[in-house]
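Q: Could you show me how to read a structure of this kind, one feature at a time?

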Amino acid sequence: MTTAQLEPTREAQQPPPPALTPSHRPVTRHRRSGLTALLTLIAFVMAVPVLYVASLSVRSRDDVLNGGLLPTRPFWQNWPDAFRAVDLGHYIANSWTVAAGSVVLTLLIAVPGAYFTARAGRRGARLATLVLSSYCAPPVVAVLPLFYLLRNLELNNTVTGLALVDGLANVPVAIWLLDGFVRKVPKEIEEAAWLDGLGTWASLRRVVLPLISPGVAAAALICFFLSYNEFLFALSFAQDSSAQTLPVLLSLFQGDRNVEFGQQAVVSLLGIAPVYVLAVAAQHRLVAGLSSGALK
């Protein structure tokens, strides 16, 4: 008997392929169709409020009061009337200026704050608890002291004052978001930077910050949206139209007797549009940042 006959064939040496369990089975066409239908339904439900606002923008006041969901006859006069009634570009520019300025201030405080809460042990945990506990109180309790503080600083009725208030108010949210990103950075990388002669602040700026840039981008976008939609502080600290933002403008369409639903809907759509474009353009960074921070 030859040696070739004694040796098992290559096919006999290979183990049989493992059986496919339910978790390893490929997604069938029916499952894909069902998932697509479910996601389409969810997207439609989420879009219903925006679609209803679009419907209100082409309806007269009497048509709105009838209670229907769709206009009986399109009333396009709301669009030119809204532009004639208010300087819409001015209010949108104020909202963007306040939101952008507040984001810069928030990140300047939150990045080193999150670094301290993640690296300082018990002291960092106490600071995180203190910062987050301040966010639990309703914002209305801070209106009166903040009003007198801004008045003493001569920042009432200014865009700078609103950016300052919103930036400080969003610090707890930003620290909470960035803390997990800093904890994911291995301490050995910082120790190697220290051996190269970098100090704590230099290593934070040159080593840690580039590694947590997805989280910083996600936190910046979330804080931008929070500041852009903020109403209470904008209403309390900006009585003059020169510093009022878009949410305050929307409230001005509600008079004592008449409510201009159509014009209010037009302004709402025009105010949503640029933020929606920003969200769509930055959705990859936002999703990547949040999902990266969620992984352990």
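Predicted model: local features only at pLDDT ≥ 70, side-chain atom pairs only at ≥ 80, totals over all residues.

Q: How much of the chain is buried, and what share of the contacts joins residues 24 or more positions apart?

A: Buried means under 20% relative accessible area, exposed over 50%, and partly exposed in between, with a 1.4 Å probe and protein chains only; of the 296 residues, 34% count as buried. A contact means heavy atoms within 4.5 Å, and among contacts with a separation of 6 or more, residues 24 or more positions apart account for 72%.

Q: How is the span of helix α6 to be judged?

A: The expected span of a helix is 1.5 Å times one less than its number of residues. Helix α6, residues 88–119, has 32 residues and reaches 46 Å from its first C-alpha to its last, close to the 46 Å expected.

Q: Where in α6 does a kink lie?

A: The bend at a residue is the angle between axes fitted to the seven residues ending there and the seven starting there. In α6 a kink of about 25° lies at A110, shortly before the proline P112, and the helix is followed by G121, whose phi is positive, near 65°.

Q: Which residues have the most contacts inside the largest nonpolar core?

A: In soluble globular proteins, nonpolar side chains tend to be buried together. A nonpolar core is here a set of buried Ala, Val, Leu, Ile, Met, Phe, Trp, Tyr and Cys residues joined through side-chain atoms within 4.5 Å. The largest such core has 41 residues, and those with the most contacts inside it are L178, I212, Y228, L246, L249 and V267. The elements that give two or more residues to this core include α10 (171–184), α13 (213–228) and α16 (261–281), while α6 gives the most, with 11 residues. Apart from this core lies another, of 13 residues, among them L150 and V248.

Q: What is L246 in contact with, leaving aside its neighbours within four places in sequence?

A: With those neighbours left aside, L246 is in contact with L88, Y91, I92, S95, Y228, V267 and G271.

Q: Are T106 and S102 buried or exposed?

A: T106, which lies in helix α6, is buried, with a relative accessible area of 0%, and S102, also found in α6, is buried with a relative accessible area of 0%. The side chain of T106 reaches the backbone oxygen of G167 at 2.7 Å. Leaving aside neighbours within four places in sequence, T106 is in contact with D166, G167, N170, V171, A174 and C223, and S102 with A163, D166, G167 and S227.

Q: How many disulfides are there?

A: A disulfide is a pair of cysteine sulfur atoms within 2.5 Å, and by this rule the count comes to 0. C136 counts as exposed at 67% relative accessibility, whereas C223 counts as buried at 1%.

Conventions: Residues numbered from 1 in each chain as written. Heavy atoms only, no water. Helix = DSSP H or I, 4+ residues; strand = E, 2+ residues; numbered from the N terminus. Polar contact = N/O pair within 3.5 Å; in protein donor to acceptor, adjacent residues only side chain to side chain.
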